[in-house]
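Reader: Before we discuss any details, could you set out the model so that we can go through its architecture question by question?

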Amino acid sequence: MRFGIVVFPGSNCDMDCYHVIDQVLGHPVSYIWHQEKDLTGFDCIILPGGFSYGDYLRSGAIARFSPVMEAVAEFAAKGGLVLGICNGFQILLEAGLLPGAMMRNNCLQFRCQDVYLKVETNETPFTNIYRAGEVIRMPIAHGEGNYYAAPEALAELEENGQVVFRYCTPGGEVTTEANPNGSCNNIAGICNKERNVLGLMPHPERCAEEILGNTDGKKLFLSILSWWEGQRCEEVLGCG
Amino acid sequence: MAEQKPLWKEMGLTAEEYQRICELLGREPNYVETGMFAVLWSEHCAYKNSRPVLKLFPTSGPQVLQGPGENAGVVDIGDGQAVVFKIESHNHPSAIEPYQGAATGVGGIVRDIFAMGARPIAILNSLRFGTLESPRVRYLFGGVVSGIADYGNCLGIPTVGGEVYFHPSYNDNPLVNAMCVGLVEHDQIKRGRASGVGNPVMLVGAPTGRDGIHGATFASEELSEESEDRRPAVQVGDPFMEKLLIEACLEVIQTGCVVGIQDLGAAGLTSACAETAARAGTGIEIDVSLVPRREEGMTPYEVMLSESQERMLLIPEQGKEELVQQIFHKWGLNAVVIGRVTGDGIFRVKEGGNLVAEVPVKALTEEAPVYYRTPRVPEYYEKCRYWPVERLPVPEDFNKVLLTLLEHPTIASKEWVYRQYDHMVLINTVLRPGGDAAVLRIKGTKKGIGLTTDGNSRYCYLDPYLGGMIAVAEAARNLSCVGAKPLGLTDCLNFGNPEKPEIFWQFQEVVKGMSEACKVLEIPVVSGNVSFYNETEGVAVYPTPVVGMVGLLSDVTKYCSPGFKEPGDHIVLLGPLTGHLGASEYLAVIHGCEAGPVPEIDLLQEKAVQDCCRELINQGLVKSAHDCSEGGLAVALAECCIAGGIGANLELEIEGREDAFLFGEVQSRIVITCVPRHLEKVREVARSFGVPVRLLGRVGGKRLLIRDLRGRVLVDLVVKEMEEKWRGSLSKAMG
């Protein structure tokens, strides 16, 4: 499976994602400069974390105009997997590939800490080897992770099962105290209706190795591989 | 009518210095030249008051690849890899404009690291503020922390460690010291040298503006009410620009065409050109009209002295100009040839066809004055030292004392600070902030590095010689507690006005003490920075040497952390179980007394304790290790309990005052735990190192319970209650 990691000026988790795909998963991966327009040959595109264009305006507001984003939209429309982490999630929102918007954390400060997440659905290419309802631990590191969507849009997300991760207590309760940034409905990550585009604020690439003390994020990447194997199987056997 | 000050005086030069400049040039310097001398001969750039003393530091060792004198020091970590590091102050700007002052402090030290060809992999800091009751101090503290956070977070370099102390001596003069650590392959190490006559001199990165003119001069004078007018001397940071600059510079270095590279920091273009030429023994000629600007109508003087951030000087091989430009343009940055390396040893500045300055490089650098100041023992020294601390009453309620200490901002958790820093990006952080030292893994190897900053200024005030020794010893002990063997140190020496004999005495004694500790512990000084004139309205900060240290773990998986691990584990003290009252945080916080003798330190014993601790960790015999520092044994034990989320039960053999035993800051001590079946082995190893070892008790339960041998309860506190006080303190103070 071939991964591409988009590098915007100011991306800074690109190397981390590269390391995990290359060294932990052992799959082919390359960087994609933000001015590229051709994504042929990739099976999964990652928009990594960081501060694209310094995030001096609104997170992701300028990056969405990078030439590569049109190609990403096309890639997603054809069913390709797109994973946006942190700033990548913010860019997906700005680009309209996912619904909603980000506001500053309600504490008005940057937050770098571990949080607990409830895996709300395992019916996505990104979560299929987690158990539905499983509680996992993942680091966050952001100043603008306060997810907002209008009430109707929020209801639609919930109805369609597009909320993939929710901030919770270690025991799995979704409470205000467990919400690190004030997100609507404790939302940490969502997917599109077609379920091939995922955006999340926490960093799975930061918890994919034993030496870092936590491997809960590795299962997200393994889910992608397992989904892709399944797809290939279908293609080869011609069964649907 | 008031007499107008002569120009040179206005710029901070003395009459003797101006005279000397005239002699060196054989004529009077013009306006631009006077400005150039003023910044390069400032204390900040020339170390004119500190150089003779700094020679005391041991700077060599088999692991040292680059000692002081370059942009940063470099030590070998094996496998053809090296670690580059340096610490630097940004005190004066932060006192005036805390957010930008601290942010640009981070920017400057990061540039020093990638100027050596290294990828920056970690930031640390050491901060000193006044008391948080003051709204001004809270403003400074909050501003500095968010300045560091916003800059470092945007760069994607984790801020993995540091320390914060609060003391009234820093009320108007906070200290902001930032350290950066980088990783480089030996054959990629670059130096700040303008070598190769005819090679182009390129200015890359941000355009030049009027910000920060005379920042170096500002840093070399005391703060006063007029300092507010110096606000324009504080630069403004653009971390996004710096991030692009890092990537572009490292990409250019990869091509192998870079001969020399230097960051533009204090004294901007003037110092970058002069220093690179001086190191290479060459000359340099530049044309200021070629410098990209962000403001119109700048004079040559302003261009030469601007301290605009996010700029580098690059000397590539002749003919590689276009390659450099291609890479920088890809990252959306300027890269302009502004001059050439020459062979005549002259620094020549032109504006188009006009010559605006012509000065021998050596006159600006090597010929800078050196002052041998006379030290004098301050009056307070004897008085404080022999103040009878034993007469202070022994408190009745040690629980209350312990809780008060845990809640004191200097001892309390710094989570409020480091949760604002991205401390995990680059996915190397094995041991996060909050322990004795941070641990990073080195990808693709089994190795890890330990990183720490430390420095207790109360000790240095009361006894600068011992205080200097302890600063080095404690930093090394922090590393040993995580299992890292110290490789080298960088120092930031923050003092008052060195022209005052008492201040100079403090400085000299601290450096002597540090040097002695460096020699015995075999830790060379590879880089550093001196910050004098930390005074407001004539009152100096406590003498504050900050030690930044890097150590190596040959197997990173063996790293050790401070938290107690499992019920039943034995708690063992390596080092002496004795009491000491003098100079402690306990005396200051509980009795409002900063006096008494500073704890003695036997450096050979210290070395033995540290070697022993690392050996125990290496043999896998230790489950936790924590240094005893501010607040003494009781605070150390409380911290181990809180970090592990578990209680402990101890029996101490106490002679004399209980408070001296519980809260005294006796040196050379580490609290470790081991499983019961390893206790004998631990004793054996400790004995082989000649280290006192004593079983204190066991891990378990929900309370910290400390009794004396007669069974009298001294401390009995629920871990959760201690944690609440300790963890909540800073958030509460900052609202």
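Author: Two strands are taken to pair if DSSP finds at least two bridges between them, and it should be kept in mind throughout that this is a predicted model.

Reader: In what order do the six strands of the open sheet in chain B lie?

Author: The pairing in this sheet of chain B is mixed, and the twist averages 20° from one strand to the next. Strand 1 (64-66) and strand 5 (159-166) of chain B each have a single partner strand, so one side of each is left without a neighbour in the sheet. With those two strands at the edges, the order reads 1-2-3-6-4-5.

Reader: Which residue of strand 3 of chain B is the bridge partner of B:V75?

Author: Strand 2 (residues 73-78) and strand 3 (residues 81-89) of chain B pair in the antiparallel sense, and five bridges join them. In strand 3 of chain B, the partner of B:V75 is B:V83.

Reader: At about what angle does helix 7 of chain B run to strand 6 of chain B?

Author: Helix 7 (residues 98-114) of chain B lies across strand 3, strand 4 (119-129) and strand 6 (175-185) of chain B. Relative to strand 6 of chain B, helix 7 of chain B runs at about 25°.

Reader: Are helix 8 and helix 26 of chain B roughly parallel or roughly perpendicular to each other?

Author: Helix 8 (residues 135-155) and helix 26 (residues 719-734) of chain B pack with their axes 10 Å apart, at an angle of about 115°. Angles of 65 to 115 degrees count as roughly perpendicular, and the two helices of chain B are therefore roughly perpendicular.

Reader: Which residues of helix 26 of chain B make the contact with helix 8 of chain B?

Author: The residues of this contact divide into four nonpolar, one polar and one charged. From helix 8 of chain B come B:R138, B:F141 and B:G142, while helix 26 of chain B contributes B:L730, B:A733 and B:M734.

Reader: Is B:Q506 buried or exposed?

Author: B:Q506 is placed in helix 20 (residues 501-521) of chain B, and, neighbours within four places in sequence aside, B:Q506 is in contact with B:Y380, B:Y461, B:P464, B:F495 and B:P543. Its relative accessibility is 5%, and because the cut-off is under 20%, B:Q506 counts as buried.

Reader: Which residues touch the most other members of the largest nonpolar core?

Author: A second, separate core of 67 residues includes B:I123, B:A149, B:I246 and B:F328, whereas the largest core has 125 residues. In that largest core, the residues touching the most other members are A:I46, A:L83, A:Y147 and A:F165.

How values were computed. Residues are numbered from 1 along each chain as its sequence is written. Chains are lettered from A and ligands numbered from 1 in the order in which they are written. This is a predicted model: local features need pLDDT of at least 70, side-chain atom pairs count only at pLDDT 80 or more; totals for chains, interfaces and linings use all residues. Side-chain values use heavy atoms; hydrogens and water are left out. Axes are lines fitted to C-alpha atoms, for helices over the stretch in contact, and angles run from 0 to 180 degrees between N-to-C directions. Helices (H or I, at least four residues) and strands (E, at least two) are DSSP runs, numbered from the N terminus. Angles under 35 degrees count as roughly parallel, over 145 as roughly antiparallel, 65 to 115 as roughly perpendicular and the rest as oblique. Contact means heavy atoms within 4.5 Å. Ala, Val, Leu, Ile, Met, Phe, Trp, Tyr, Cys and Pro count as nonpolar, Asp, Glu, Lys and Arg as charged, and the others, Gly among them, as polar. A nonpolar core is a set of buried Ala, Val, Leu, Ile, Met, Phe, Trp, Tyr and Cys residues joined through side-chain atoms within 4.5 Å. Buried means under 20% relative accessible area, exposed over 50%, partly exposed in between (1.4 Å probe, protein chains only).
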